[in-house]
Amino acid sequence: MARIKKDFQIVPISAFLLLVFCSSCGAQLLRMCKFDSIYQLGDSIADTGNLIIESSLGAATPCSRLPYGETYFNNPTGRCSNGLLMIDYVAWEARLPYLNPYLKNGLDFSHGVNFAVSGATALPTSVLAARGVITPFTNSSLDVQLDWMSSFFNATDHAEEVKDALFLVGEIGGNDFNNAFLQGKTIEEAKSFVPDVVQAISHAVRRVIQYGAQRVVVPGNFPIGCLPIYLTAFETNNITSAYDEFNCLKDFNDFAEYFNERLQHAIEDLRNENPDTVIVYADYYTAFKWLFRDAFFLGFDPGSLVKACCGVGGEYNFDGARFCGTPGVQACPDPDKLVSWDGIHLTQKAYTLIARRIIHDILPHLHCYA
């Protein structure tokens, strides 16, 4: 417990914090873009229900059970949080309905579709398996989601909507690395995957541009060394050199930055290839770290930043054998005080604040004019 930092220096409130606390300042900023629809590719950071519909295995995963969904929906929806995700907040900001999961029949897709699947990877599962990495929950990798998107557009007349749509390609790729690390791959081995993961994301951006996308957002990865699942799996007594000022594992955060930098280089290449398309990088890494830096002002418990709200055991309240959603594992009384929901995913409050910051950051680059 000694590594949990109890004392946080109080610093002046930043201009962005003032924006966060001003209820009217940040209200529905995306409305000026006049998006007709949103199309989302990705993994559990954005899945609003595809995994639990896709298969019996998916339906048995923890995100299909309470306390997932308890805060906003009062029941589980397949969202891997206690409530809303970032994509929900993005839709609200754009004055659009929450996105329905593609695999749920009979729903309204007139304002967009969510193709994201929890556990999905950027690389095909067969490619990862050939490298000794097993994908446990789904085969619906990025290429499968793109095929779904193609089928959707071919079956419906959405040509006009696509021109005024927002496309989100990710976050995706995180599970390629999560699975690799948690199955024993070294950081150097994971780095060898990076060019192929970046290429898969670049290919996805090219495909959505072929479908008519004019505004595409491509998020990077979070600082994974701050997640309780990593802190538990790779805990070390080498306190001085292994952990940063937020008690996060430096090597894994450095890896996330390594990946994000290469993804940004690829995005720059895509911009040069497609000068008439707006392609924007969403800096999830910096937005996440902001929650830690300004935890006190944002209403989080500074002493619990690397603890899971829903979990059990150990310094980080996380045990992979007794995951959130399994019998006997309860959520904390006030999820709004914590950043991490279940040791892997974030709380509704954390996601909402990150989404708000991301929108604030990317809006000038989307070239939307009211």
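## Briefing: fold, core and spaces of a predicted chain

Among contacts in the protein chain between residues at least 6 apart in sequence, 74% link residues at least 24 apart. The model is predicted. Its secondary structure comes to 16 helices and 5 strands. The radius of gyration is 19 Å, close to the 21 Å that the globule rule gives for 370 residues, so the chain is as compact as a globular protein of that length.

**Overall dimensions**

- The C-alpha trace spans about 60 × 50 × 40 Å along its principal axes.
- Of the 370 residues, 58% count as buried.

**The nonpolar core**

- The largest nonpolar core holds 124 residues.
- Ile38, Phe167, Ile201, Val208, Leu291, Phe292 and Leu366 touch the most other members of this core.
- Helix H10 (residues 194-210) gives this core its largest share, 9 residues.
- Take Phe167 as an example. Leaving aside neighbours within four places in sequence, Phe167 contacts Tyr39, Met149, Phe153, Val162, Val208, Ala213, Arg215, Val216 and Val217.

**Helix H4**

- In H4, 7 of the 8 residues are buried, so this helix is largely enclosed by the rest of the structure.
- The buried residues are Met86, Ile87, Asp88, Tyr89, Val90, Ala91 and Glu93.

**Closed spaces: the cavities**

- Rolling a probe the size of a water molecule over the atoms shows where empty space is left.
- The count comes to 3 cavities of 30 Å³ or more.
- The largest cavity has a volume of about 160 Å³. Its lining has 19 residues, and Met86, Val90, Leu168, Tyr284 and Ile358 are the closest to its centre.
- Four elements each supply at least two residues of this lining: helix H4 (86-93), strand S3 (165-169), strand S4 (215-219) and helix H16 (348-362).
- H16 gives the most to the lining of the largest cavity, with 4 residues.
- By class, the lining of the largest cavity has 16 nonpolar residues, 2 polar and 1 charged.
- Met86 and Val90 are among the buried residues of H4, and both are listed among the closest to the centre of the largest cavity.

**Open space: the largest pocket**

- The largest pocket contains about 690 Å³ of space.
- Its lining has 36 residues, and Phe137, Asn175, Ile229, Ile344 and His345 lie nearest its centre.
- Helix H8 (174-182) and helix H11 (228-233) are the elements that give two or more residues to this lining.
- H8 provides the largest share of the pocket lining, 5 residues.
- The pocket lining divides into 19 nonpolar, 14 polar and 3 charged residues.

**A loop residue: Ser55**

- Ser55 lies in the loop between helix H2 (50-54) and helix H3 (56-59).
- Ser55 has 27% relative accessibility, so it counts as partly exposed. Buried would need a value under 20%, and exposed one over 50%.
- Ser55 and Gly225 are 170 residues apart along the chain, and their C-alpha atoms are separated by 31 Å.

Definitions and conventions. Residues are numbered from 1 along each chain as its sequence is written. This is a predicted model: local features need pLDDT of at least 70, side-chain atom pairs count only at pLDDT 80 or more; totals for chains, interfaces and linings use all residues. Side-chain values use heavy atoms; hydrogens and water are left out. A nonpolar core is a set of buried Ala, Val, Leu, Ile, Met, Phe, Trp, Tyr and Cys residues joined through side-chain atoms within 4.5 Å. Buried means under 20% relative accessible area, exposed over 50%, partly exposed in between (1.4 Å probe, protein chains only). Contact means heavy atoms within 4.5 Å. On a 1 Å grid over the protein atoms alone, a cavity is a set of points where a 1.4 Å probe fits but cannot get out, and a pocket is an open set with protein on both sides within 12 Å along at least five of seven lines; lining residues have an atom within 4 Å of a point. Grid points are joined across faces, edges and corners, and a volume is the space filled by probe spheres set on the points. Ala, Val, Leu, Ile, Met, Phe, Trp, Tyr, Cys and Pro count as nonpolar, Asp, Glu, Lys and Arg as charged, and the others, Gly among them, as polar. The radius of gyration is taken over C-alpha atoms; the globule rule is 2.2 Å times the number of residues to the power 0.38.
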